[in-house]
Amino acid sequence: MYPTIPLRVHELTSEEKTVYAGLDPSRMPSHVAIIMDGNGRWAGMRSLKRFLGHQQGAKSVQLVTETASRIGLPWLTLYAFSLENNLRRPRAEVNFLMRLLKSYLESNLQRMMDNNVRIHYIGRTHELPQEVQDKMRWAADATSKNTGTTLTLALNYGGRSELVDAFRSLAAEAARTGMRLDRLTEEDLHRHLYTAHMPDPDLLIRTSGEMRISNYLLWQIAYAEIFVTERYWPDFRGVHLLEAIAAYQRRERRYGGLSDAEAESSNASEDEPASTLNHEQTPVG
Ligand code: FPP
């Protein structure tokens with residue numbers, strides 16, 4: 001189904017064009033999710049206050065989104081503010097992040113329109129300050145008719161709380177309709193996730209080198225390819241998104257099955273009597 005969005009490759013920087021030229025258009029991801037990390041360390045390395053790292057991080061959000069829209073990426077989902085950030089960061093930092101989000105939406109609306117970007121949110125956003133919710137609604141409404149990349153910001157988001165919310169919503173559906181919960185399927189649960197309207201991420205990128213999932217899209221990343229870069233988020237640009245996609249294309253996605261080559265050789269030897277198998281040929285998952 002890719003690309004369904006008109007490409008604007010001519011708008012890429014020359015560095016981006018070089019990496020893009022090496023990509024296989026038939027194997028582009030539909031959905032890229034990013035754990036944006038390292039704003040504080042980026043600032044610390046420069047003896048700057050943490051908030052300046054977040055401010056520079058907001059610039060990266062805008063630039064990476066624009067590159068995504070130019071290559072026709074349908075879904076880009078960014079971890080902007082976790083439930084844990086909300087609970088565990090100093091109030092002054094949380095308040096700064098809320099103000100930054102509001103000003104980001106306000107000052108980037110025109111650029112989102114120019115780039116045909118639609119903005120959505122996932123998370124317990126009803127717990128955010130009312131004026132932030134109002135600005136979020138305003139930006140979502142204004143961009144709702146855009147048909148390019150959908151930028152989803154995960155805000156006050158946690159993967160486990162998303163699952164709890166999905167189970168609660170399923171229980172309510174069961175009470176309403178008499179649905180049998182003992183016959184629950186994966187599709188039933190999927191319908192109640194915040195991301196029910198999107199495909200699962202194909203590629204999960206994490207910046208700043210940490211090897212953690214940090215409670216992000218726990219259900220949805222079951223088969224995502226994971227790409228970790230040492231680069232801090234404020235230094236992450238569109239060209240690095242393209243490099244991550246190039247790395248993704250070098251991977252072989254198996255979804256628990258066999259590679260094409262393995263499947264072929266396994267077909268060729270499927271008549272092999274089981275008695276000829278020894279312990280060294282035991283298949284691995
Ligand atoms: C991690 O950096 C990042 C965050 C806590 C949130 C991400 C926020 C932004 C990119 C800025 C604003 C975003 C929008 C959408 C306006 P960290 O503080 O955990 O870095 P550290 O691990 O180096 O301390």
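Leaving out neighbours within four places in sequence, Y79 is in contact with I34, I35, M36, A154, Y157 and Y216, where contact means that two C-beta atoms, placed from the backbone, lie within 7 Å. The model is predicted, with pLDDT of at least 70 needed for local features and 80 or more for side-chain atom pairs to count, while totals for chains, interfaces and linings use all residues. Residue numbers start from 1 along each chain as its sequence is written.

Y79 stands opposite A154 in β4. Strand β2 (residues 75-82) is joined to strand β4 (residues 150-157) by 7 bridges, and the two run parallel. Strands count as paired if DSSP finds at least two bridges between them.

The protein has 10 helices and 6 strands, taken as DSSP runs (helices H or I, at least four residues; strands E, at least two) and numbered from the N terminus.

Of its 285 residues, 35% count as buried, that is, with 20 or more other C-beta atoms within 10 Å of their own. The largest nonpolar core has 53 residues, and Y79 is among those with the most contacts inside it, as are I34, L78, A80 and L203. Such a core is a set of buried Ala, Val, Leu, Ile, Met, Phe, Trp, Tyr and Cys residues joined through C-beta atoms within 7 Å.

Technical notes: Buried ≥ 20, exposed ≤ 12 C-beta atoms within 10 Å, placed from the backbone.
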